[in-house]
Amino acid sequence: QVQLVESGGDSVQPGGSLTLSCVASGDVVAIKSAEWYRQAPGKERELLATIDVRSNIRYDDAVKGRFFISRDSMKKTVYLQMNSLKPEDTAVYLCHAQIETTQFSTSDVWGQGTQVAVSS
């Protein structure tokens with residue numbers, strides 16, 4: 001069994017920064033690829049950033065230049081560094097990953113989300 005747990009969400013003022021973490025646990029060999037999404041109330045889930053198995057990175061235009069995705073393979077963790085936060089960044093942030101397991105398979109896993117609120 002494999003789990004993803006996000007953390008790091010908080011309430012911040014506009015212009016502030018946060019770093020979100022997404023830790024894989026359980027029967028994990030490695031995080032092959034991962035994405036960060038967000039979902040605001042009444043809105044569709046939005047794909048923000050991806051890092052693939054070769055560490056190629058892509059960003060949605062809404063966060064390009066402000067958000068940065070990274071991976072620590074030893075810690076089995078994916079991060080989302082968020083800078084210059086705006087009120088419209090307020091949402092639940094979710095991690096999604098494709099994980100190589102000890103059972104020689106790939107699991108597609110979602111975390112439970114972490115809340116980010118940006119207001120003055």
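The legends below describe close-up views of a predicted model.

In this predicted model, local features need pLDDT of at least 70 and side-chain atom pairs count only at pLDDT 80 or more, while totals for chains, interfaces and linings use all residues. Residues are numbered from 1 along each chain as its sequence is written, and side-chain values use heavy atoms, with hydrogens and water left out.

**View 1. Ala30 lies in strand E4, which covers residues 28-39.** Strands (E, at least two residues) are DSSP runs, numbered from the N terminus. Ala30 counts as partly exposed because its relative accessibility is 26%, where buried means under 20% relative accessible area, exposed means over 50% and partly exposed lies in between (1.4 Å probe, protein chains only). When its neighbours within four places in sequence are left aside, Ala30 is in contact (heavy atoms within 4.5 Å) with Gln98, Ile99 and Glu100. Leu4 is 26 residues from Ala30 in sequence, and the two are 12 Å apart in space, C-alpha to C-alpha.

**View 2. Ser33 is also placed in strand E4.** Ser33 counts as buried because its relative accessible area is 16%. Its side chain makes a polar contact with the side chain of Gln98 at 2.3 Å; a polar contact is a pair of N or O atoms within 3.5 Å, of which, within protein, one must be able to donate a hydrogen and the other to accept it, and residues adjacent in sequence count only if both atoms are side-chain atoms. Not counting residues up to four places away in sequence, Ser33 touches Ile51, Asp52, Val53, Arg71, His96, Ala97 and Gln98.

**View 3. Arg38 and Glu46 form a salt bridge, with their closest N and O atoms 2.9 Å apart.** A salt bridge is a side-chain nitrogen of Lys or Arg within 4 Å of a carboxyl oxygen of Asp or Glu, and the structure holds four of them. Arg38 counts as buried because its relative accessibility is 7%, whereas Glu46, at 27%, counts as partly exposed.

**View 4. Arg66 and Asp89 form a salt bridge, with their closest N and O atoms 2.8 Å apart.** This pair links distant parts of the chain, 23 residues apart, with Arg66 in the loop between strand E6 (57-59) and strand E7 (67-72) and Asp89 in the loop between strand E8 (77-82) and strand E9 (91-101). Both Arg66 and Asp89 are buried. Through salt bridges that share partners, Arg38, Glu46, Arg66 and Asp89 are joined into one network.

**View 5. Asp61 forms a salt bridge with Lys64, with the closest N and O atoms 3.2 Å apart.** Both Asp61 and Lys64 are exposed.

Key:
Helix = DSSP H or I, 4+ residues; strand = E, 2+ residues; numbered from the N terminus.
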